[in-house]
Amino acid sequence: MTKPPKILYDCDTGIDDAMTLLYLASLVQAGEAELAAVGTVHGNIDPMTGALNTLRVLEAAGGPVVPVAVGAARPMAQDVHYAVDWHGTDGLGDTRLPEPAGRPTAEPAAAQIVRLARATPGELTLLATGPLTNLGAALLLDGELPSLIREVVVMGGAFDHPGNITTHAEANIWHDPEAADLVFAADWPIVLVPLDATHPTAVHDDWLDRLAAHGTPVSRFAADILEFYADAYTPTLKRRGAVIHDALAAMLIVDPELGEYAHRPVRVELRGELTRGTTVWDARSLPADDARRPVKVAVGSDVAEFQERLLSALMAF
Ligand code: BDR
Ligand code: CA
């Protein structure tokens with residue numbers, strides 16, 4: 001039997017990050033993954049609110065109890081922006097949850113990545129579903145980091161799919177293009193899960209209604225938070241629904257066969273007047289004229305299986 005993956009989750013909690021935390025908690029409770037720690041970053045919300053939200057969600061799930069470190073409060077080379085229209089002013093759909101019992105740790109999230117990578121060389125999977133500032137900072141802190149990490153799994157980018165924050169750029173990459181490009185330039189195995197793979201997984205009323213009707217405290221908690229997100233997504237999807245992007249990245253760690261992939265070097269547009277923050281690959285059939293290590297890019301997934309597994313996980317508590 002293969003060892004369950006040891007995951008360090010870097011996120012900007014955030015509604016779909018919250019669903020991903022619940023999914024990870026269900027995997028931990030089933031013995032299918034280990035959650036080593038969480039770090040938070042600016043993005044959907046500021047990183048302290050994201051850390052408190054992380055604690056709220058893990059406490060609602062009944063554990064696991066893991067260190068939650070606060071990370072970068074701003075991107076490397078631009079102003080910070082939050083996504084309150086999508087996630088609410090509290091990051092959890094304006095549900096105004098009470099203070100968590102736990103507190104974030106004092107260690108910065110980038111330092112936590114380096115420390116845990118050094119403590120368990122070759123074991124850690126970094127799951128990143130927010131802007132990549134903490135991962136970029138960790139690479140700057142420790143040049144040997146890529147050789148210490150088992151795999152990096154990132155939700156971000158858009159290739160043949162339109163952007164979701166500008167015409168071409170996806171939010172996580174656009175929030176810190178410089179950090180994202182550092183991550184794609186490093187010599188470590190990366191799985192990138194862009195909008196091309198996540199958008200088709202949108203869930204709609206039938207799925208949301210099944211979750212709400214289940215009636216356990218955790219399923220009601222998830223359904224309440226998703227209300228705001230489903231309202232926000234209605235104009236884009238042209239019907240009520242939600243794209244739970246970040247959970248697909250987590251699921252592809254434990255079950256990579258659910259995805260279809262292309263292997264290409266990836267760069268981030270850093271100077272474009274209209275396209276800053278866009279992920280770029282060379283789609284020509286020629287051998288790629290790029291010395292960067294190819295990224296394993298998810299271009300599709302088994303949508304029905306993803307939706308059912310996520311629903312079962314949210315109803316499992
Ligand atoms: C990504 O942006 C954030 O708003 C979501 O949490 C997700 O990680 C989707 O583009
Ligand atoms: Ca996110």
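Helices and strands are DSSP runs, a helix having at least four residues and a strand at least two, and each kind is numbered from the N terminus. The legends below belong to a predicted model.

View 1. Lys238 is found in the loop that lies between helix H11 (217–237) and strand E8 (241–242). Its phi is about 60°, a positive value, although Lys238 is not a glycine. Most residues other than glycine have a negative phi. Is Lys238 buried or exposed? With a relative accessible area of 72%, Lys238 is exposed, because exposed means over 50%.

**View 2. Arg96 in a loop between two helices also has a positive phi****.** The loop that holds Arg96 runs between helix H3 (84–87) and helix H4 (109–119). Arg96 is not a glycine, yet its phi is positive, at about 50°. The relative accessible area of Arg96 is 56%, so this residue counts as exposed.

**View 3. A cis peptide bond joins Thr13 and Gly14****.** Omega for this bond is about 5°, whereas most peptide bonds are trans. Gly14 has its place in the loop between strand E1 (6–11) and helix H1 (15–29).

**View 4. A cis peptide bond joins Gly63 and Pro64****.** Here omega is about 10°. Pro64 is placed in the loop that connects helix H2 (47–60) with strand E3 (68–70).

**View 5. Trp86, Tyr229 and Tyr233 form a cluster linked by ring pairs****.** A search of the whole structure finds three aromatic pairs. The ring centres of Tyr229 and Tyr233 are 5.1 Å apart and the ring planes stand at 90°, so this pair is edge-to-face. Why are Tyr229 and Tyr233 separated by about one helical turn? The two residues are four residues apart in helix H11, and therefore about one helical turn separates them. Tyr229 counts as buried, because its relative accessibility is 2%, and Tyr233, with a relative accessible area of 5%, is buried as well.

**View 6. The charged end of Arg264 sits over the ring of Trp281****.** The distance from this charged end to the centre of the ring is 5.6 Å.

**View 7. Lys296 lies over the face of Tyr261****.** In this view, Lys296 is at 4.4 Å from the centre of the Tyr261 ring.

Methods: Residues numbered from 1 in each chain as written. Chains lettered and ligands numbered in written order. Predicted model: local features only at pLDDT ≥ 70, side-chain atom pairs only at ≥ 80, totals over all residues. Heavy atoms only, no water. Buried < 20%, exposed > 50% of the residue type's maximum accessible area, 1.4 Å probe, protein only. Phe/Tyr/Trp six-rings, centres within 6.5 Å; stacked < 30°, edge-to-face > 60°. Lys NZ or Arg CZ within 6 Å of the ring centre and 35° of its normal.
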